[in-house]
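This report is for a reader who is new to the structure shown below.

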Amino acid sequence: MHHQSTIRQRRLSRKIQVGTVAVGGDAPISVQSMTNTSTCDVDATVNQILALQRVGVDIVRVSVPTMDAAEAFKVIRQRVTLPVVADIHFDYRIALKVAEYGADCLRINPGNIGNEQRIRMVIDCARDKNIPIRIGINGGSLERDIQEKYHEPTPQALLESAMRHVDILDRNNFPDFKVSVKASDVSLAVESYRLLARQIEQPLHLGITEAGGLRAGAVKSAIGIGMMLAEGIGDTLRVSLAADPVEEVKVGFDILKSLRIRSRGINFIACPTCSRQEFDVINAVNELEQRLEDIITPLDVSIIGCVVNGPGEALISSLGVAGGKNKSAFYRDGVRQKERFSNENIIELLEQEIRQKVQTIRETD
């Protein structure tokens, strides 16, 4: 029923623990997102985290730019069950505070938070609380001396910046970290991750930063992240979109689903439609995607508007329809059923069948 994945064997990495979610080693590739509400608005931030949880996010990152935000973070952390990463820049005192308040990971670049003593305080605190650190390198914010040396962001520039922070953690005997080397240019990001993958044993957090709006950002992210995953590189990912963070999670899971790395929810196989279609395929798929957002059980459903490709796709799907005049053929596990679906009620009938199928799968698991 399922085709084998053709991705290269995954790079072996050290496993770290972000709250209840393992990252690296043989752990599933996790999908992350980041809140875009004001952290000081506790209710709005908690509600956004709950919305992300409903679409399956594994880990959420929250920006903590001020001490007031750190106090809000304390309350947010108490009100959500997902692992929460605190994103901190420059101020070591905020890092110490959110670690005390239950952050599951600190996103901090050690070299940016002051002298060696301050860095050591943060690292010792992370060790004491048993929480990992994420080093996050970004092509748009490289250190001034690295900018002057390379004149522009290059893979070697991003690698040098990453290794500068990695060396600080190594010097302090702290191995529980993950690293990202994000850039807004796909080729730059991919080549930077390739170089880094050969240098360290820690997990890699994948992303194309500032990827753009929903469509362009999804395309750039799918190509960049997809290239790396196909090469076996990457342990966790975040799709950066100028859009609702919920969309980031959906695109992230779609990338993993398309490479058959990890499935979650319904995988709709739908035709691009042409004048042969016997019912409105686009409307049916969009409507069903919305209605069935709550389902996390992996399931292949083919919705094809005519009999040219419909039967073939239905044979390799759990459920499938092939469009016919007034009524469409319906398939369960590749077997054509006697009953046919009225094209007028096709959305309701399919939703019913999908929910029944999911229930059966759950009962037999």
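## Terms and basis

Helices (H or I, at least four residues) and strands (E, at least two) are DSSP runs, numbered from the N terminus. The model is predicted: local features need pLDDT of at least 70, side-chain atom pairs count only at pLDDT 80 or more, and totals for chains, interfaces and linings use all residues. Residues are numbered from 1 along each chain as its sequence is written, and side-chain values use heavy atoms, with hydrogens and water left out.

## Domains

The protein is assigned domain 1 (16-259) and domain 2 (266-364); such bounds come from an automatic or database domain assignment. Taken over C-alpha atoms, the centres of domain 1 and domain 2 are separated by 38 Å.

## The largest pocket

A volume is the space filled by probe spheres set on the points, with grid points joined across faces, edges and corners.

The largest pocket has a volume of about 590 Å³. Its lining has 20 residues, and Lys250, Asp254, Lys257, Ile266 and Glu289 lie nearest the centre. Two or more lining residues come from each of helix H9 (245-258), strand S11 (266-270) and helix H10 (281-291), and H9 gives the most, with 7 residues. Domain 1 and domain 2 each supply at least three residues to this lining. By class, the lining of the largest pocket has 9 nonpolar, 4 polar and 7 charged residues. Here Ala, Val, Leu, Ile, Met, Phe, Trp, Tyr, Cys and Pro count as nonpolar, Asp, Glu, Lys and Arg as charged, and the others, Gly among them, as polar.

## The second largest pocket

The second largest pocket holds about 470 Å³ of space. It is lined by 28 residues, with His89, Arg107, Asn138, Thr209 and Glu210 nearest its centre. Strand S7 (133-138), helix H6 (155-171), strand S8 (177-182) and H9 each give two or more residues to this lining. The largest share, 4 residues, comes from S7. The classes in the lining of the second largest pocket are 7 nonpolar, 12 polar and 9 charged residues.

## Strands S7 and S8

Two strands pair if DSSP finds at least two bridges between them. S7 and S8 pair in the parallel sense over 6 bridges, and isoleucine 135 has valine 179 of S8 as its bridge partner.

Buried means under 20% relative accessible area, exposed over 50%, and partly exposed in between (1.4 Å probe, protein chains only). S8 is largely enclosed by the rest of the structure, because 6 of its 6 residues are buried. Phe177, Val179 and Val181 point one way from S8, while Lys178, Ser180 and Lys182 point the other way.

## The five-stranded sheet

An open sheet is formed by 5 strands in the order S11-S12-S13-S14-S15, with mixed pairing. S11 and strand S15 (335-342) are the edge strands, each pairing on one side only. S11 runs parallel to strand S12 (residues 299-304), and 5 bridges join them.

## Isoleucine 316

Isoleucine 316 sits in the loop between helix H11 (310-315) and strand S13 (319-322). Its relative accessible area is 34%, so isoleucine 316 is partly exposed. Isoleucine 316 and valine 335 are 19 residues apart in sequence and 9.7 Å apart in space, C-alpha to C-alpha.

How values were computed. On a 1 Å grid over the protein atoms alone, a cavity is a set of points where a 1.4 Å probe fits but cannot get out, and a pocket is an open set with protein on both sides within 12 Å along at least five of seven lines; lining residues have an atom within 4 Å of a point.
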